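Here is a short report for a first look at this structure. Keep the sequence and the 3D view at hand while reading.

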Amino acid sequence: MNKEILKEVILSNEDYINKNVDRVVEREGIILPDLLKKVVIFYGVRRSGKTFILFNLFEKHKNNSVYVDFEDDRLQGFKLKDFENLKEALLELKPELIGKKIVFLFDEVQNVNGWEKFCRRVIERENATVFVSGSSSKIMPYEINTALRGRSWNMEVFPFSFREHLRTKNIDPDKKNILYSTEKFIVKKYFLEYLNWGGFPEVSFAKSEFEKQKLLKEYLDAMFFKDLVERYEITNVQLLETLLDKLFSSFSTRISLTSFYKQYKDKFPFSKDLLFRYYKHILESMLVFEVKKFSESIYKRTRNPAKIYLVDIGLAKGLTSKDTGRRLENLVFLELKRKGYEVFYFEDKKECDFIAVKDGKFFPIQVTYELNKKNTDREMGGMTKACKLLDQKKGIIITYDEEESTKINDISIDIIPIWKWIVKKR
Ligand SMILES: Nc1ncnc2c1ncn2[C@@H]1O[C@H](COP(=O)(O)OP(=O)(O)OP(=O)(O)O)[C@@H](O)[C@H]1O
Ligand SMILES: [Mg+2]
């Protein structure tokens, strides 16, 4: 690869980031390895903001970083050995960097076969820092080439959290009194928007509902054709479409592929194997997550039907008001994932929506739109049962807008409005 072309690419990217990326919302929950020699990999669903995380890092390390996007048409034919040319091109442009620490930012890096080898070498031998990202599932932890085993630091990128969504409105979620007096009405207004449209960054910024809808429709099409049909060479498009439709309308509920099979097998031709395979691809594409039943034994865990949640609530189908409780539940799930919890559901005659697990501690959580005569006993019952079994003295119930503290036997239960819970700092 010609070094002059590489120089042109380096400079034009620098220019582009400096001129065009002026409003970057600071992402939360990005924990970087401290002094560890790791290749940091940002992976996650399309349009979630991975490239912008690299742009942001570029701005933070302006003097010694280089950003390259391997989807750039000028880089067609870039091979593993060209990384060395790239480094030389950079040093020719900026001789002051010779012998200094360089921060490499590589976007869509999966396009270069063997990229792991170069990255590994420069972090180990040259004291460089490497951040990479890509949209394709080829960059997910389980696909990463063995050359990087033990040398990668994987960070899953989700669409904006509610706190980040507030920042797109120029509201500081840590501002004093944000949850009180008049400020609280503004927070609640934007929460309603977030509940309906989710947190894909561009959707968060979009002003009109028309624009938000249009963006989400484009995302869905690209995810369907690019991330699924093309990537996995899907042949039975009707099956994929029907399954995805089913999943996007079944968020926060249990899904049984066996009943799906029974329901559709006479409507169009497909095999059970194919159905299971497509389901697996959808999980791999990070559009949908599974939550398993809490159980001491891994074996039992895998046999129980999983509950499913979407990577963004803007993708959900079903917009009637009676779905609001399920939407809240999906948001709570995503927030727990963002905060690094492992998540299960609990069921032992009674149910508790989530058992969140972190550092060996258990946090039972129920989510319901409201507590009323019909559901209070059930919600409290599931909560106390989960608490007892896990030997916990505290649980929380997240509702749309109710607040109270109560005690059942020796278990204290905090009822919290979601907009308060979700605005809290991690
Ligand atoms: N932190 C941010 N601050 C401001 N805007 C953002 C931020 N992150 C993303 N965006 C907006 O969302 C768009 C999509 O983000 P980005 O290109 O970073 O996503 P991506 O995950 O790299 O997507 P793809 O998988 O398609 O490459 C950006 O063009 C920008 O408009
Ligand atoms: Mg990108």
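## Overall fold

What percentage of the contacts in the protein chain with a separation of 6 or more comes from residues 24 or more positions apart? The share is 69%. Keep in mind that this is a predicted model.

The protein chain holds 15 helices and 14 strands. Of its 426 residues, 37% are buried.

## Dimensions

Along the principal axes, the C-alpha atoms fill a box of roughly 75 × 60 × 45 Å. The radius of gyration is 24 Å. A compact globule of 426 residues would have a value near 22 Å, so the protein chain agrees with that expectation.

On one side, 12 residues of domain 1 take part; they are in contact with 18 residues of domain 2. The domain 1 side of this contact has six polar, four charged and two nonpolar residues.

## Around ligand 1

The shell around ligand 1 has 14 residues. Those that come nearest are Gly49, Thr51, Phe52, Ser135 and Pro201. Two elements give two or more residues to the shell: helix H2 (50-60) and helix H7 (201-205). H2 provides the largest share, with three residues.

Notes:
Residues are numbered from 1 along each chain as its sequence is written. Chains are lettered from A and ligands numbered from 1 in the order in which they are written. This is a predicted model: local features need pLDDT of at least 70, side-chain atom pairs count only at pLDDT 80 or more; totals for chains, interfaces and linings use all residues. A residue is near a molecule or strand if its C-beta atom, placed from the backbone, lies within 6 Å of it. Helices (H or I, at least four residues) and strands (E, at least two) are DSSP runs, numbered from the N terminus. Two residues are in contact if their C-beta atoms, placed from the backbone, lie within 7 Å. Ala, Val, Leu, Ile, Met, Phe, Trp, Tyr, Cys and Pro count as nonpolar, Asp, Glu, Lys and Arg as charged, and the others, Gly among them, as polar. The radius of gyration is taken over C-alpha atoms; the globule rule is 2.2 Å times the number of residues to the power 0.38. A residue is buried if 20 or more other C-beta atoms lie within 10 Å of its own, exposed if 12 or fewer, and partly exposed in between; C-beta atoms are placed from the backbone.
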